[in-house]
Amino acid sequence: MDFTNEIKKRRTFAIISHPDAGKTTLTEKFLLYGGAINTAGSVKGKATAKHAVSDWMEIEKERGISVTSSVLQFSYGGYCINILDTPGHQDFSEDTYRTLMAADSAVMVIDGSKGVEAQTRKLFKVCVMRHIPIFTFINKMDRDAMDTFELLDDIEKELGIATCPINWPIGSGKAFQGVYERKTKTVELFSDTQKGTRVGEVQRIAASDGQLEQVIGDRAKEKLEEEIELLDGASAEFDQELVSKGELSPVFFGSALTNFGVETFLRHFLTMTTPPLPRLSDHGPIDPMEEADFSAFVFKIQANMNKAHRDRIAFMRICSGTFTAGMDVYHVQGGKQIRLSQPQQMMASERKMIETAYGGDIIGVFDPGIFSIGDTLTTSREKYAYEGIPTFAPEHFARVRQLDTMKRKQFVKGINQIAQEGAIQIFQEYNTGMEEIIVGVVGVLQFDVLKYRLKNEYNVEILLENLPYEHIRWIENEGIDMDSLSGTSDMKKIKDLHERPLLLFVHEWSVRMTLERNPDLKLSEFGRS
Ligand code: G4P
């Protein structure tokens with residue numbers, strides 16, 4: 001079949017939220033509509049809860065959280081949908097950010113009683129940087145929610161993006177009656193469809209129907225009319241172009257648990273998002289609708305999926321063409337032709353081997369230790385490389401002390417490999433000649449992962465001494481004279497593995513002060529990989 005028909009059907013998105021907002025529940029309901037599972041509860045049973053989908057690492061099991069992001073694929077209404085799950089817990093790692101680099105759009109789940117929360121804010125920054133469309137699902141409307149206008153205000157202020165409600169809730173909590181769809185002027189009545197375990201009938205009634213008052217009550221109807229009048233006067237109009245540029249977020253209300261508003265969201269979302277778009281390479285944009293050759297980039301490397309063989313799986317996002325199992329491709333950064341073996345894909349709660357995949361899909365292939373984050377693979381004779389994945393700013397730093405100095409070699413090998421996978425970032429003192437390593441992580445859990453893995457895989461014990469720094473900046477100026485920099489007392493100069501200079505600060509205001517004192521200095525929150 002023509003590869004463009006397959007690509008046109010693809011929708012690849014990341015789902016982001018603060019812990020407990022309902023991301024897992026919503027994902028499960030999507031799968032229910034896609035027929036990938038029969039009854040809700042198979043992805044997330046109570047006991048197996050959060051690590052049902054990816055329980056590859058012991059540490060995940062011990063803590064009952066998902067350290068890594070996983071991918072789910074299902075079909076719905078003729079579309080082939082890839083959901084990239086981003087762990088939203090407090091201790092997430094850079095993987096969470098990188099996953100967003102592989103997505104074409106993002107769905108942000110917000111708890112209606114809480115509004116925008118910390119984790120959402122961080123992930124959101126990356127979406128904005130990429131200008132990808134962001135869709136908002138305000139969840140848990142069956143519980144008492146914040147005032148709807150306040151919620152929208154919160155999103156606009158906190159995240160700096162305009163919102164456009166596609167539907168509007170009628171009450172919340174015990175008084176939740178359903179949602180009013182603005183375009184069709186109909187009310188979708190709330191029912192909890194057997195607590196959301198099955199796909200149910202949706203009941204609709206036109207807003208102009210005289211029955212509405214009896215169905216939802218006169219007070220609710222009056223309030224709805226008032227709110228809609230206010231909304232029509234105040235909110236941004238739906239504009240597909242702005243949505244596609246990530247400047248306007250369509251907002252939907254619902255209750256994932258009771259399966260209300262989920263299918264409505266899915267249907268709209270699919271028509272408002274695009275299939276995979278061109279991606280920038282060093283040979284210009286590569287358009288998946290024109291480029292027949294296979295191309296992909298690595299966005300995540302996961303070690304030790306199988307403990308018996310210290311194996312690694314490289315997750316890649318296919319950008320163009322058709323993938324077939326065992327195919328030979330050119331690894332641009334390695335400068336070599338390689339065979340992609342053991343391709344696998346996540347399907348609902350299990351991994352399975354795959355034979356074919358297309359632009360927009362995510363596959364995991366066996367990595368004999370040759371890939372790094374951001375690497376490009378292609379069958380094109382042009383051997384282009386996709387734009388690198390930025391290095392995201394770690395927020396926690398520690399000095400690494402090796403307990404058994406006899407094992408220096410294993411230690412260096414281990415820590416470098418773990419850094420190559422992108423699980424941690426490593427730095428050194430600037431110009432002190434000291435070999436000590438400073439490790440930086442996005443979430444503190446990564447410190448435990450580092451300790452655990454060095455001990456289990458490389459038999460090296462380390463001690464981590466926490467450092468007070470929280471802000472890191474890459475220096476953008478080429479050939480800067482580091483000695484003449486006039487910094488603050490809480491500033492520390494370090495370098496990365498490529499000998500690039502960086503600055504660490506304890507306080508955020510010191511970043512500003514350093515910039516004021518050195519007017520030519522250019523600092524960035526994102527590094528180049
Ligand atoms: P997360 O992946 O974003 O962390 O959230 P998750 O789906 O695990 O949901 C967190 C909790 O919120 C769960 O309850 C879930 O059942 C509940 N929840 C999700 N969506 C809704 C909703 O629309 N309405 C209401 N009322 N609750 C919702 P839990 O008690 O932590 O887990 P469980 O015992 O239900 O499994």
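In the predicted model, the ligand is surrounded by 19 residues, the closest being Asp20, Lys23, Thr24, Thr25 and Asp142; a residue counts as near if one of its heavy atoms lies within 4 Å of the molecule. By class, this shell has 4 nonpolar, 7 polar and 8 charged residues (Ala, Val, Leu, Ile, Met, Phe, Trp, Tyr, Cys and Pro are nonpolar; Asp, Glu, Lys and Arg are charged; the others, Gly among them, are polar). Helix H2 (residues 23-34) contributes the largest share of the shell, 3 residues. Helices (H or I, at least four residues) and strands (E, at least two) are DSSP runs numbered from the N terminus.

The distance is 2.8 Å for lysine 23, 2.9 Å for glycine 22 and 3.2 Å for leucine 257. The ligand taken alone exposes 710 Å², of which the protein buries 78% (Shrake-Rupley method, 1.4 Å probe).

The second largest pocket holds about 740 Å³ of space. Of its 27 lining residues, Met101, Arg130, Arg279, Leu280 and Glu387 are the closest to its centre. A pocket is an open set of points on a 1 Å grid over the protein atoms alone, where a 1.4 Å probe fits, with protein on both sides within 12 Å along at least five of seven lines; lining residues have an atom within 4 Å of a point. Grid points are joined across faces, edges and corners, and the volume is the space filled by probe spheres set on them.

The pocket lining comprises 14 nonpolar, 6 polar and 7 charged residues. Domain 1 (14-272) and domain 2 (279-378) each provide at least three, with bounds from an automatic or database domain assignment.

Residues are numbered from 1 along each chain as its sequence is written, and side-chain values use heavy atoms, without hydrogens and water. Local features need pLDDT of at least 70 and side-chain atom pairs count only at pLDDT 80 or more, whereas totals for chains, interfaces and linings use all residues.

Terms used: Polar contact = N/O pair within 3.5 Å; in protein donor to acceptor, adjacent residues only side chain to side chain.
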